[in-house]
Amino acid sequence: KIAISVFSEHLLTSDIRIILVVFDEEAFVLSGKIFSDVEAFIDGGTVADRTKEEYANCPPGGGMIRKKEKEKSLEELVKKPGETWQESLFRLIDERGLTDTEVYKRANVDRKLFSKIRSNREYQPKKSTAVSFALSLGLDIDETREFLSKAGYALSRGNRFDLIVEYFIGRGVYDPYTINLALFEHGQQLLGA
């Protein structure tokens, strides 16, 4: 835990890449104890129960459509789409008073990728990259869901990656290195690019 904390702090001011390697089974088991309550959160209910709970207010067969959107033609809807994921990212950076450098370093994303994102309004991130930025911005769970939806993603209670991310956000833990350890332990894709 101490190493993760020190690395995280250092990476906010430095542009280096740190890779943690677990050399033996004893160290791996020890790292597992750090995240034992993650497993309890994941196994806290069946996927069917959580999915039913999550979508209880949705009409059968689909998502909710606002009344005003029902009245618009397809051409009107496509002509004036909402805020893109990229626009949302930079709006949130400004609203939170953060610098670009702080955000991409916290997200564990390199400067080249961040430049691509900045220069392309229609940039389509990988889900893990979008989640990394949500964490780096310190978004709560509702803000994270909204942010991910702009990239075409959702957090699902039927997905271990999503449950682990939700678990940490719900506890106010936004450190990508800590979350990556839990993701690794559970055989999930890691955060970042």
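**Helical architecture and the setting of helix 10**

From the N terminus on, the elements of the protein follow the order α-α-α-α-α-α-α-α-α-α-α-α-α. The secondary structure thus comprises 13 helices and zero strands, where helices (H or I, at least four residues) and strands (E, at least two) are DSSP runs numbered from the N terminus. The model is predicted, so that local features need pLDDT of at least 70 and side-chain atom pairs count only at pLDDT 80 or more, while totals for chains, interfaces and linings use all residues. Residues are numbered from 1 along each chain as its sequence is written, and side-chain values use heavy atoms, with hydrogens and water left out.

Of the 193 residues in the protein, 35% are buried (under 20% relative accessible area, with exposed over 50% and partly exposed in between; 1.4 Å probe, protein chains only). The accessible surface comes to about 12100 Å², of which 54% belongs to carbon and sulfur atoms; areas were computed by the Shrake-Rupley method with a 1.4 Å probe. Among contacts (heavy atoms within 4.5 Å) with a separation of 6 or more, 68% join residues 24 or more positions apart.

Not counting residues up to four places away in sequence, Ile-117 touches Trp-85, Gln-86, Leu-89, Phe-90, Tyr-123 and Phe-133.

Helix 10 is mostly covered, 10 of its 10 residues being buried. The cover of these buried residues includes helix 7, helix 8, helix 9, helix 11, helix 12 and helix 13. After helix 10 comes Gly-138, whose phi is positive, near 70°.

The axes of helix 10 (residues 127-136) and helix 12 (residues 160-170) come within 12 Å and cross at roughly 5°. Helix 10 is therefore roughly parallel to helix 12, a term applied to angles under 35 degrees. Lys-127, Ser-128, Val-131 and Leu-135 of helix 10 make the contact with Phe-161, Asp-162, Val-165 and Ile-169 of helix 12. These contact residues divide into five nonpolar, one polar and two charged.

Note on methods. Axes are lines fitted to C-alpha atoms, for helices over the stretch in contact, and angles run from 0 to 180 degrees between N-to-C directions. Angles under 35 degrees count as roughly parallel, over 145 as roughly antiparallel, 65 to 115 as roughly perpendicular and the rest as oblique. Ala, Val, Leu, Ile, Met, Phe, Trp, Tyr, Cys and Pro count as nonpolar, Asp, Glu, Lys and Arg as charged, and the others, Gly among them, as polar.
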